[in-house]
Amino acid sequence: MLNIEKELAALARMSTTELARRYGELFGEATRCRNRPYLIRKIAWKLQALAEGDLSERARRRAEELA
């Protein structure tokens, strides 16, 4: 099981290049983004989804309706 607090602390210490690499590991695709706050948010969201579960199918449908 992931320790979210430790993971977030590690993200804060990473360089932008390291964050981009971690993003690729988690999402399975490279990112061209070099915005540190954005990368940290996206990675943190993915780590939380892996640790606690992702959105339900109902929530996904509702989000698509709203978009």
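**Ground rules**

I am working with a predicted model, where local features need pLDDT of at least 70, side-chain atom pairs count only at pLDDT 80 or more, and totals for chains, interfaces and linings use all residues. Residues are numbered from 1 along each chain as its sequence is written, and side-chain values use heavy atoms, with hydrogens and water left out.

**Entry 1: the overall layout**

I began with the secondary structure and found 4 helices and 0 strands. Helices (H or I, at least four residues) and strands (E, at least two) are DSSP runs, numbered from the N terminus. Along the sequence I read the pattern α-α-α-α.

Next I looked up the extent: along the principal axes, the C-alpha atoms fill a box of roughly 35 × 30 × 20 Å. I then checked burial, and 18% of the 67 residues count as buried. Here buried means under 20% relative accessible area, exposed over 50%, and partly exposed in between (1.4 Å probe, protein chains only).

I also looked at contacts, meaning heavy atoms within 4.5 Å. Of the contacts in the chain with a separation of 6 or more, 35% come from residues 24 or more positions apart.

**Entry 2: H1 against H3**

How do the axes of H1 and H3 cross? I found that they come within 10 Å and cross at roughly 160°, with H3 covering residues 36-52. The axes are lines fitted to C-alpha atoms, for helices over the stretch in contact, and angles run from 0 to 180 degrees between N-to-C directions.

I therefore note H1 and H3 as roughly antiparallel to each other. For that label, angles under 35 degrees count as roughly parallel, over 145 as roughly antiparallel, 65 to 115 as roughly perpendicular and the rest as oblique.

The crossing of H1 with H3 is right-handed. A crossing is left-handed if the near helix is turned anticlockwise from the far one by less than a right angle, and right-handed if clockwise.

From H1, the contact draws on Ile-4, Glu-7, Leu-8, Leu-11 and Ala-12. The H3 side brings Arg-36, Ile-40, Ile-43, Ala-44, Leu-47, Gln-48 and Ala-51. Sorted by class, I get 9 nonpolar, 1 polar and 2 charged residues for this contact. The classes are nonpolar (Ala, Val, Leu, Ile, Met, Phe, Trp, Tyr, Cys and Pro), charged (Asp, Glu, Lys and Arg) and polar (the others, Gly among them).

**Entry 3: H2 against H3**

I turned to H2 and H3, whose axes come within 10 Å and cross at roughly 35°. This crossing is left-handed. On the H2 side I listed Thr-16, Leu-19, Ala-20, Arg-22, Tyr-23, Leu-26 and Phe-27. Among the H3 residues in this contact are Leu-39, Ile-43, Trp-45, Lys-46 and Leu-50. By class, the contact of H2 with H3 has 11 nonpolar, 1 polar and 4 charged residues.

**Entry 4: the salt bridges**

How many salt bridges does the structure hold? I found 3, a salt bridge being a side-chain nitrogen of Lys or Arg within 4 Å of a carboxyl oxygen of Asp or Glu.

Glu-7 pairs with Arg-22, with 3.5 Å between the closest N and O atoms. Glu-7 lies in H1 (residues 4-13) and Arg-22 in H2 (residues 16-27), so this pair ties together parts that are 15 residues apart in sequence. Glu-7 is partly exposed at 21% relative accessibility.

Arg-22 also meets Glu-25 in a salt bridge, at 3.2 Å from N to O. These two are 3 residues apart in H2, about one helical turn. Glu-25 is exposed, at 54%.

In H4 (residues 57-66), Glu-65 and Arg-62 are 3 residues apart, about one turn of the helix. Their salt bridge has its closest N and O atoms 3.3 Å apart. Glu-65 is exposed at 58% relative accessibility, and Arg-62 is partly exposed at 45%. I also noted that shared partners join Glu-7, Arg-22 and Glu-25 into one network.

**Entry 5: a second look at Arg-22**

Is Arg-22 buried or exposed? Arg-22 is buried, with a relative accessible area of 18%. Setting aside neighbours within four places in sequence, I found Arg-22 in contact with Glu-7, Leu-11, Met-14, Ile-43 and Leu-47.

**Entry 6: Pro-37**

Last, I looked up Pro-37, which is found in H3. Pro-37 is partly exposed, at 48% relative accessibility. The C-alpha atoms of Pro-37 and Glu-18 are separated by 13 Å, with the two residues 19 apart along the chain.
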